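Please open the model in your viewer and keep the sequence panel beside it, then follow the stops below in order.

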Amino acid sequence: MNRRMIALGLAAAIALPVAASAAETPVQPRIVVTGEGEAAIAPDMALLSLSVMREAKTAREALDANNAAMAEVIEAIKLFGIADRDLQTAGLQIMPRYNYTNKPDGTQEAELIAYQVTNTLSVRVRDLVKTGEILDKAVALGVNQGGNIVFANDDPSATITEARKDAVAEATAKAKTLAEAAGVTLGRVLEISDQSFGAQPMPIEAKAFDRALAAVPIQAGENSYRVQVNMTFELK
């Protein structure tokens, strides 16, 4: 390779970064805003979490006692018209219970006292009127630990869509206001994302387990679905 060819090669290599730099696109001015929308609807089903805990000297005895109690609860719940597809075992836990005694040397001595078996059942109640009766019956038959009760909707999509539209409208109005205040023009939407928030579970009150003969008052109220939208607009 002669000196002329080497010189040409060096010139091309040096020119490349200059060409790439000139091709860079300037950053488009933009504005990012957040909008929120909320819509409510009456629930059409209740989700119950019911637990049976039994204790005995051995794990086998505790499990047998728990199985018998839970079988009664499930059988009784089905009499309210609850289908098999709406009953699901949510958890089974077997735990030893110890009695700890403090010793003179500062250590503790553990004595195995019993075994506790807890079986948790999830129940979907599609007829809300029956919710209180089902709780009463379940407590009378052995449910002795609290869980959660959630009033839900089988298909909340229409309500969420309404909340989403309100969120977009709020974000757009906010962006227009900010753009006008800054003396610029709002352009097209560059990015948009959303996040939905549904109803929160409510704990079943402990006192409900002490009044199996009384009707548990149930107020379903309304479920609020909230949507948060993040939108990015270009500015002109």
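This is a predicted model: local features need pLDDT of at least 70, side-chain atom pairs count only at pLDDT 80 or more; totals for chains, interfaces and linings use all residues.

Residues are numbered from 1 along each chain as its sequence is written, and side-chain values use heavy atoms, with hydrogens and water left out.

Begin by selecting Y98 and Y100. A search of the whole structure finds 1 aromatic pair (Phe, Tyr or six-membered Trp rings with centres within 6.5 Å; planes under 30 degrees apart are stacked, over 60 edge-to-face, the rest tilted). The ring centres of Y98 and Y100 are 6.2 Å apart and their planes meet at 45°, so the pair is tilted.

Next, select F197 together with R226, which lies over the face of the F197 ring at 4.3 Å from its centre.

D154 has 54% relative accessibility and counts as exposed (over 50%; buried is under 20%, partly exposed in between, with a 1.4 Å probe and protein chains only). Leaving aside neighbours within four places in sequence, D154 is in contact (heavy atoms within 4.5 Å) with D44, M45 and R126.

Finally, select N119 in strand β4 (residues 108-125), where N119 counts as buried at 11% relative accessibility. Not counting residues up to four places away in sequence, N119 touches several residues, among them L50, N66, M70 and T89.

Note on methods. A charge sits over a ring if NZ of Lys or CZ of Arg is within 6 Å of the ring centre and within 35 degrees of the ring normal. Helices (H or I, at least four residues) and strands (E, at least two) are DSSP runs, numbered from the N terminus.
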